[in-house]
Every structure is written in C-alpha cells, then in structure tokens.
Amino acid sequence: MSNQNGVPSLDYIGPQGGISNARYSRVAMILHWSIALFIVFNLSLGYFMEGFAMPFRLIVVGLHISAGLTVLALTLVRVVWRLSHAPPPYPDSMTSWERHAAHYAHFMLYAAMVLMPLTGWAIISSHPRPGSPGAIAEAMRHPMPPMAMTASAKGSPGAGAPPRKFVMKIWYVLPVPVIAPIEAIGEHPGGLAAQQELHEKFVHWHGTGGYILIGLLILHILGALKHQVLDKQPELARMGIGKRVRSPRKERAADHHDR
Ligand code: HEM
C-alpha cells in the first residue's frame, strides 16, 4: 500500500531499527505477477512451438506473440509506475554487495523484458509485405509463404500462387502490427537477401536472449529464496506472497481490540 506520495507503507521497524516488512504497492504486484506469468508461458513454449504441426502451430505462435506483446505493454506501464512510485527499501540485513547485485539483476530483467518482445516482433516483421514485389518473388522461390503473417489456402498453393492473406491477431482481437521499416527492406526482390540475413540475426538474438532470461530468472528466484529462508526476512511478502509480520504497534492495537 502506498501513501499519497506513492511511498510504500512501512509496517515494521526491524531489530536494527531498519524497515524489514514493507511491501510493493498492489499495482506493482499485479504488474510483477502478470508479466512473470506471460514470460514463463513464452519461455516454456518458445523453444518447441516451431516443431508443432499445423494448425496447432499457428495457434501456439499466435498465443506466444500475444503474450510477448502484452509483456512489452505491461513492462512500459511498469517502468512508468516504478519511476513514479518508490519501491520499498531493502531490509537492513542486506549487505552492500547484495544490494548491488539485486539492482544489477533487476536492471537486466527490465532490459530483457523490453528486448525479448522487440526482437520477437522484429522476427515477424522481417518478411516482405504480402502482395509486394518482394513477397511475389519470394513465393516464386518457395512455394510455401513465410509462417508468421501469411498462410496458404488449403495445403501448398504451388509455385507462384498468391498466398491467401492471413491476419494474425493479438489475443484474437487486434491485428498484429509489424515494424514497418524492417518489413520495407524486402519490399523489392533486391532487398530480400538483406532482410533474410536480418531475420536470421533476430532469431539468433531472440533465442540467445531466452537463455539469458532463464539464467536471470533463476538468479532472481534464488536471491529471493536466500533472503526468505536463510536470512529469515519476509522477502516473498514484499511481492504479496504470504503474510507480513505485524508491526508492534498493530499487534498492540489488535490485543487491545481482543480484550
Ligand atoms: C517476454 C517475451 C518473449 C519471450 C520470453 C520469448 C521467448 C522465446 C523463445 C525462448 C523462443 C525460442 C527461440 C529459439 O528457438 O531459439 C522464441 C521464439 C519465437 N518468438 Fe518469442 N518470446 C517473447 C516475445 C515474442 C514476441 C513479442 C514475438 C512476436 C511479436 C515473438 C516471436 C517469436 C517467434 C516468431 C519465434 C520463432 C523464431 C524461430 O525459430 O523462427 N516472441 N521466443
């Protein structure tokens, strides 16, 4: 809970006089857990979805894209929220190196939460616009159109046949936008090779970023568990899991009320 200035409520003054039981605001908690859910969903599907059979593959890729773009949108809200609402201070028991490590890890997590969706978005944008001269030249070379934005009518349309336009939608509602300057590179056949090269780079960065993100998440969870289990601090309660330690003042008030 925050006060009017957005400063989290400070419920418990710890043994050393420091604050050990402050929580993130409700909005920060909702953003944290919803982003976490979508990221875990995307990491668990990302490495396998290309191997699924059609049309299941198209459904799963659509969900992956929807979840990823939702992460990007929620992360932007979260950054604005974070800049305008001070997070609860670290407990006194945290050493200086732990504070530095936590800051660095959080910064890296924010970077991943922006860069993973952006590289994914760049992957699906690095195809020529359906119907453009580049797309027609591409269709002549490869009978099947690129997976992400177009789908053939039934089965292979045969070399040169114009693909039926398939519009992928975010959560089946909003058409997925593409990054126009990246899509434009393949507008004409002369740009196809450069666009293809870029596409491979984006796929490589997106896949490597996924492994880095998994590493960061493991560190993040281990750090939280260390404070919770070894240091016996109410670390998980800061993000809404479990109960807070009651402040001595509230404890006395509750006792008084019970009498
Ligand atoms: C937090 C967000 C995201 C996470 C954690 C994530 C994670 C992943 C992972 C781990 C892979 C497997 C990469 C590989 O096989 O090397 C993948 C593949 C893919 N992702 Fe994402 N992704 C996210 C967002 C997005 C977004 C926003 C889009 C599109 C708008 C997207 C499009 C794709 C595509 C098209 C592939 C298949 C790449 C290929 O192998 O051709 N992703 N994702």
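Helix α2 passes helix α3 in a left-handed crossing. That is a handy way into this predicted model, whose protein chain comes to 8 helices and 2 strands.

**α2 against α3**

- Sorted by class, the residues where α2 meets α3 are 11 nonpolar and 3 polar, with no charged ones.
- As for geometry, α2 spans residues 56–84 and α3 spans residues 96–125, and their axes come within 9 Å of each other. The two axes cross at roughly 140°.
- That angle makes α2 oblique to α3, because roughly antiparallel is kept for angles over 145 degrees.

**α3 against α6**

- Helix α3 also pairs with α6, and here the axes come within 9 Å and cross at roughly 150°.
- What does that make of the pair? With angles over 145 degrees counting as roughly antiparallel, α3 is roughly antiparallel to α6.
- The crossing of α3 and α6 is left-handed.
- On the α3 side, the contact is made by A102, A105, M108, L109, A112, L115, M116, T119, G120, A122 and I123.
- On the α6 side, the partners are H199, F202, V203, W205, H206, G209, I212, L213, L216, L219, H220 and G223.
- No charged residue takes part in the contact of α3 with α6, which divides into 16 nonpolar and 7 polar residues.

**Around the ligand**

- The ligand is surrounded by 23 residues. The closest of them are G46, G68, G120, G207 and G210.
- Four helices each put at least two residues into this shell: α1 (26–46), α2, α3 and α6 (192–230).
- Which helix gives the most to the shell? That is α3, with 6 residues.
- By class, the shell around the ligand holds 14 nonpolar, 8 polar and 1 charged residues.

**The chain as a whole**

- Reading along the sequence, you get the pattern α-α-α-α-β-β-α-α-α-α.
- The protein chain has 259 residues, and buried ones make up 23% of them.
- Take the contacts between residues at least 6 apart in sequence: 64% of these join residues at least 24 apart.

- F38 sits in helix α1. It counts as buried because it has 23 C-beta neighbours inside 10 Å, and 20 or more is the cut-off for that label.
- Setting aside neighbours within four places in sequence, F38 is in contact with A67, T70 and V71.
- F38 and S66 are 28 residues apart along the chain, and their C-alpha atoms are separated by 9.3 Å.
- A101 belongs to helix α3. Is A101 buried, exposed or partly exposed? With 14 other C-beta atoms within 10 Å, A101 is partly exposed.
- Between A101 and H220 there are 9.8 Å in space, C-alpha to C-alpha, although they are 119 residues apart in sequence.

- M54 and P55 are joined by a cis peptide bond, with omega at about 5°. P55 is found in the loop between α1 and α2.
- W171 is not a glycine, yet has a positive phi of about 50°. You'll find W171 in the loop between β1 (169–170) and β2 (174–175).
- Y172 is not a glycine either and has a positive phi of about 60°. Y172 also sits in the loop between β1 and β2.
- Why do these two count as exposed? W171 does so because it has 12 C-beta neighbours inside 10 Å, and Y172 because it has 10; the label goes to residues with 12 or fewer.

Notes
Residues are numbered from 1 along each chain as its sequence is written. This is a predicted model: local features need pLDDT of at least 70, side-chain atom pairs count only at pLDDT 80 or more; totals for chains, interfaces and linings use all residues. Axes are lines fitted to C-alpha atoms, for helices over the stretch in contact, and angles run from 0 to 180 degrees between N-to-C directions. Angles under 35 degrees count as roughly parallel, over 145 as roughly antiparallel, 65 to 115 as roughly perpendicular and the rest as oblique. A crossing is left-handed if the near helix is turned anticlockwise from the far one by less than a right angle, and right-handed if clockwise. Ala, Val, Leu, Ile, Met, Phe, Trp, Tyr, Cys and Pro count as nonpolar, Asp, Glu, Lys and Arg as charged, and the others, Gly among them, as polar. A residue is near a molecule or strand if its C-beta atom, placed from the backbone, lies within 6 Å of it. Two residues are in contact if their C-beta atoms, placed from the backbone, lie within 7 Å.
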